Amino acid sequence: MKKNHEHLKKPSPCNCLNIRRASRAVTHFYDKILQPSGLTISQLSLLKHLKQVEPITISELANVMRIDRTTLNRNMKPLVDHDLITITPGQDPRTRQVVMTPKGTITTNNASQLWDKAQASIKDYLGETDLAVLVKLLSKLEALVP
């Protein structure tokens, strides 16, 4: 990715809108790079989290990922449909447990290589110092909601 500041977008006076626009742009950038894997960045993030903590209940996974259950359920459906994860009854009959399939593990490993390229491109584009500042500021913004 080239550092082309000619294409800088005019910011909105609304901070929330600026953050949302940037989020959409970054999501689109990652999704484009991940396209050969058949996964979106949201799906890969779910799989990478799951790989670290499986087996886990849906509620626990939502907490780990810091997203609501509705969003998680919506993101899991295509992964179940493509046999990348399975959802089974948990130890407590009121819960459901999520586990990655062997196909999910292979897909995650392959997509992670593309994710590494996207990460390196963002780091190259922003520079190490600006990226560190961005990560710190995003963490600070996320802390607005405990």
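Student: What makes E2 and E3 a pair of strands?
Tutor: E2 and E3 are joined by 5 bridges in the antiparallel sense. Thr88 stands opposite Gln97 in E3. E2 and E3 also form a hairpin, with 6 residues between them.

Student: What kind of model is this, and how are its residues numbered and its side chains treated?
Tutor: It is a predicted model, in which local features need pLDDT of at least 70 and side-chain atom pairs count only at pLDDT 80 or more, while totals for chains, interfaces and linings use all residues. Residues are numbered from 1 along each chain as its sequence is written, and side-chain values use heavy atoms, without hydrogens and water.

Student: How do you know that E1 pairs with E3?
Tutor: E1 and strand E3 (residues 96–100) run antiparallel and are joined by 2 bridges; the rule asks for at least two, so E1 and E3 count as a pair. Thr57 has Gln97 in E3 as its bridge partner. Strands here are DSSP runs of E with at least two residues, helices are runs of H or I with at least four, and both are numbered from the N terminus.

Student: Why are E1 and E2 called edge strands?
Tutor: The open sheet of 3 strands has the order E1-E3-E2, paired antiparallel. Strand E1 (56–57) and strand E2 (85–89) each have a single partner strand, so one side of each lacks a neighbour in the sheet. Helix H2 (residues 41–53) lies across E1, E2 and E3 and runs at about 100° to E3.

Student: Why is H1 called oblique to H5?
Tutor: Helix H1 (residues 15–34) and helix H5 (residues 102–126) pack at about 140°, with their axes 9 Å apart. Angles under 35 degrees count as roughly parallel, over 145 as roughly antiparallel, 65 to 115 as roughly perpendicular and the rest as oblique, so H1 is oblique to H5. Phe29, Tyr30, Ile33 and Leu34 of H1 make the contact with H5 residues including Leu114, Trp115 and Ile122; contact means heavy atoms within 4.5 Å.

Student: What makes H3 roughly perpendicular to H4?
Tutor: The angle between H3 and H4 is about 105°, and their axes are 9 Å apart. That angle lies in the perpendicular range, so H3 is roughly perpendicular to H4. Ile58, Ser59, Leu61, Ala62 and Met65 in H3 meet Arg69, Leu72, Asn73 and Met76 in H4.

Student: How do the residues of the contact of H3 with H4 divide by class?
Tutor: They divide into 6 nonpolar, 2 polar and 1 charged. Ala, Val, Leu, Ile, Met, Phe, Trp, Tyr, Cys and Pro count as nonpolar, Asp, Glu, Lys and Arg as charged, and the others, Gly among them, as polar.

Conventions: Axes are lines fitted to C-alpha atoms, for helices over the stretch in contact, and angles run from 0 to 180 degrees between N-to-C directions.
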